[in-house]
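User: Hi! I'm new to reading protein structures. Could you walk me through this one?
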Amino acid sequence: MTLDIAKLEHFRDEIRLLTLKELEHRGFGHYGGSLSIVETLAVLYGEVLNVDPTHHKNPEGDYFILSKGHAGPALYAALSLRGFFSEDLLYTLNENGTKLPSHPDRNLTPGIDMTTGSLGQGISVATGVALSNKLSNKENYTYCIVGDGELNEGQCWEAFQFAAHHQLNRLIVFIDDNKKQLDGYTADIIDPLDLQDKFEAFGFYTIKVDGSSIKEIYAAIKRGKSQNDLPVAIILDTVKGQGVPCIENIMANHHLRPTEQQHEEILTAISELEAKVGGIA
């Protein structure tokens, strides 16, 4: 089957639109790191993941864990579009009593496989899930998105060593290399050096791609699945605030409480995306 790039790009635009709308409705939140994983979520939830909104706990289904849990708003948008819950629920983001807290919670939100937010713990659980499935001779894949700033946590590297040692070849890890974290540029806080070299040294089959390219992300997943012995690391070369220039250009865009001018610029970006996707039913 030929990959329908246009369909996935439309899905990408829908995810980006709903991510902006829910954050704007709340008035603040994690804009930068949510937007930088939109393309990856579009590929996963639009083409790759074996998931069923009507039977989420299917033991034969794939697992997805958002280790960088602060990017929850983008994941919520993708889940809503896939039918796990209605769009209306998005506008309760981070409110008292919501099913959509700031960081994903498996006990609250339909479609969430693992509660995340404490950085480093999501990837640790993902390796455990992948090992469990391997020991049970299951063919499920476990997918996990880790932030580049999150790699400051030593727990991540313990998990990567564990994954390689156990040859968890059905574990696919995405590293969102958007170059920034809460306090500034990752290179200024703890220089990650060459991530591709590091993951290869840790025993991963490693691919670096343009994290804004649907085609490259999908091709990397396909390549990763074609080898049989190693866990897979896909390094996403991204931009914090990706796809929304007015947010990309804000230095401190990890967690943003927009000014009045920024708010107007974001509303303009929302209008442009609405026109592009033709509205969302």
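**Rings, helices and a domain**

Analyst: Happy to! This is a predicted model. Let's begin with a charge and a ring: Arg 257 lies over the face of Phe 28, at 4.2 Å from the ring centre.

User: Nice. And which residue lies over the face of Tyr 141?

Analyst: That's Lys 225, placed 4.4 Å from the ring centre.

User: What about rings with rings: how many aromatic pairs are in the whole structure?

Analyst: A search of the whole structure turns up 8 aromatic pairs. Among them is the pair of Trp 157 and Phe 199, with 5.3 Å from centre to centre and 40° between the planes, so it counts as tilted.

User: Where do Trp 157 and Phe 199 lie?

Analyst: Trp 157 is in helix α6 (residues 154-165) and Phe 199 is in helix α8 (residues 195-201), so their pair ties together parts that are 42 residues apart in sequence.

User: Is Trp 157 buried or exposed?

Analyst: Trp 157 is buried, because its relative accessible area is 12% and the cut-off for buried is under 20%. Phe 199 is buried too, at 0%. Both belong to one aromatic cluster, together with Phe 160, Phe 202 and Phe 204.

User: Last one: what does UniProt place at residues 13-254?

Analyst: The unreviewed UniProt entry lists "domain: Transketolase N-terminal" there. Over residues 13-254, the chain is 39% helix and 14% strand, and the end C-alpha atoms are 21 Å apart.

How values were computed. Residues are numbered from 1 along each chain as its sequence is written. This is a predicted model: local features need pLDDT of at least 70, side-chain atom pairs count only at pLDDT 80 or more; totals for chains, interfaces and linings use all residues. Side-chain values use heavy atoms; hydrogens and water are left out. UniProt positions are given in the numbering used here, feature names are shortened, and annotations may be inferred rather than shown by experiment. Helices (H or I, at least four residues) and strands (E, at least two) are DSSP runs, numbered from the N terminus. Rings of Phe, Tyr and Trp (its six-membered ring) pair if their centres lie within 6.5 Å; planes under 30 degrees apart count as stacked, over 60 as edge-to-face and the rest as tilted. Buried means under 20% relative accessible area, exposed over 50%, partly exposed in between (1.4 Å probe, protein chains only). A charge sits over a ring if NZ of Lys or CZ of Arg is within 6 Å of the ring centre and within 35 degrees of the ring normal.
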